[in-house]
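Here's a quick briefing on some helix packing. Have the model open while you read.

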Amino acid sequence: MCGIVGYIGHREAYPIILKGLKRLEYRGYDSAGIALYDGSDIKLSKTKGKVADLEARLEKEITTNGNLGIGHTRWATHGIPNDINSHPHYSNSGNLVIIHNGIIENYESLKKELIKRGYTFKSDTDTEVLVNLIEDVMKKENTKLGKAVQIALNQVVGAYAIAVFDKNKPNEIVVARLGSPLAIGIGDDEFFIASDASPFLEYTKNAIYLEDEEMAIVRRGKEVKIRKIKDDSPVAPYMQELQLNLEQIEKGGYDHFMLKEIYEQPRAILDTFRGRLRTNEAIIKMSGVEDNMKKFLNADRIIVVACGTSWHAGLVSEYIFEDLARIPVEVEYASEFRYRNPVITEKDLVIAISQSGETADTLAAIKLAKSKGAFVFGVCNVVGSSIARETDAGAYTHAGPEIGVASTKAFTTQITVLTLIALRLARAKGTISSSDYRHHLIELELIPGKVEKVLKSDDYVKTIANIYKDVKNFLYLGRGYNFPVALEGALKLKEISYIHAEGYPAAEMKHGPIALIDENMPIVVIATKKGHYDKVVSNIQEIKSRKGKIIGIVTEGDQQVKELADHVIEVPETLESLSPLVTTIPLQLLSYHIAVMLNKNVDQPRNLAKSVTVE
């Protein structure tokens, strides 16, 4: 969600902050703002809309010189998206200015108390409450900014990542986090602050990631000082060397990040199993699994917790784990899991899946599972993310940065990691024969090439998209391993084109959705040769008899569905358990092309955020 950028050092802050905000646009937002200290006062400009809108008005409103500044992209929680509710926010005196990601849950009671003390508020935000609370502490306790931030945050209930500075002490920025990521880039007599490392990649490769309930004072000419918010105990800074490079976060000639990331999937899948899959030796080697094999083997069941696309990957893994490793699996929405008083024991193994590694509901589910004694294994893409740190063990997907809000390569690489784990576990348990095991390894190694082949159907998919771009509803059907792919295909279309779409198990069509089918309803049916092919063909015949428009995803050479469907998109044959890795590709392309034809903002769809760091 919201993006934070800050700079203090010897360079001009404005261009660094502006470029940083553009880099964070992928996170999703509805307004933007920048505050700069020009040597005498704080200059602030903010607006509803995009960073481009801010840039267009900012240089007309304020001077942009100065070596200290903070910037923000906001995803509205408290207060509608407008200029006033946009960040940064001043304190009543105008001395303090703050940017904030997250939610202050007790802001109303804090606000009432501050109003009694004579404070006034211009916005509807919880953030303006927080900056005035900090100012009130400074006055009452006669203390410096850093200490005031600590005292104020101990009165706060909720989640936050903040950056705040005082114009009377313009050589420092105070930052803190709880439940929302925050990185500090360390340069030569300069510091960068951001929600992730992308805004400062070209300036430094050295970064410190704050942990939950930590705050830092970033001061020119001094080392970063980190302390625990609750008890003021010092924390030794841990500096990491960033592995990202600029090429990975640029479009590379593609019109959109989403299209680039769809086309990156052959490489991303290969990178995900590279070094882990040794087909010639019939070995899968994953340190997070090997080091905790007893936990996997002794688990009574696996509980998968995730949200959105990651939840769909978890559904695919349910089929894989139960089919290959013969262990019961439950797949839970993390947001529901944490609130329904679930039965969790020490014999449960929880797999938490998240692209960003910062998903608030999934993090809360992890903490709940750990409090009940369960072993928690994380699957995420972002090195050093909160989920990577909170879980007992885990595996990275190695997909590379995913900038487009609608996940594509995250989905296929998550399935790849989960498949590797299931195969390794099946081998250890003896629930798969040596020949089947080797066959799976060989087929998995062939998947990147098969995805490459599916991508060559892009022009044909674009033709289909042009035919159906103006419809109001879509239906997606699949069975077995490809039922979650139907859900994911429908989600992609909803996310970026705003066309209503639903995914269903094909057999459930007769239990309601068939009432929707007429000559205006396109139905995408995943009908590969493996699995329940004959049953799906029967479903297609039922659709055809009701004049529905059929888009079939079929195995190469298929004739039966081709005779029934209005359009067929062929995918290479593979094992049923691996088929989601190829069948999802044309659905991603279909959604992308429809959205482009409708002139939608493909990479930044309305109301959505890449990293959902609030509930």
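Y107, L110, K111 and L114 in α3 meet D126, V129, N132, L133 and D136 in α4, where contact means heavy atoms within 4.5 Å. This is a predicted model, so local features need pLDDT of at least 70, side-chain atom pairs count only at pLDDT 80 or more, and totals for chains, interfaces and linings use all residues. Residues are numbered from 1 along each chain as its sequence is written, and side-chain values use heavy atoms, with hydrogens and water left out.

**α3 and α4**
- The axes of α3 (residues 107–116) and α4 (residues 126–141) come within 10 Å and cross at roughly 50 degrees.
- That makes α3 oblique to α4 (angles under 35 degrees count as roughly parallel, over 145 as roughly antiparallel, 65 to 115 as roughly perpendicular, the rest as oblique).

**α15 and α20**
- Helix α15 (residues 434–455) and helix α20 (residues 580–597) have axes that come within 9 Å and cross at roughly 25 degrees, and they are therefore roughly parallel to each other.
- On the α15 side, L444, I447, K450, V451, V454 and L455 do the touching; their partners in α20 are L581, V582, I585, P586 and L589.

**α18**
- Y533, V536, V537, N539, I540 and I543 of α18 are buried (under 20% relative accessible area; exposed is over 50%, partly exposed in between, with a 1.4 Å probe and protein chains only).
- Down the axis of α18, the buried residues fall within an arc of 155 degrees, so they line one face of the helix.
- D534 and K535, on the other side of α18, are exposed.
- The buried residues of α18 pack against β23 (473–478), β25 (522–527), β26 (549–555) and α19 (560–564).

Notes: Helix = DSSP H or I, 4+ residues; strand = E, 2+ residues; numbered from the N terminus. Arc of directions from axis to C-beta. Axes fitted to C-alpha atoms, helices over the stretch in contact; angles between N-to-C directions.
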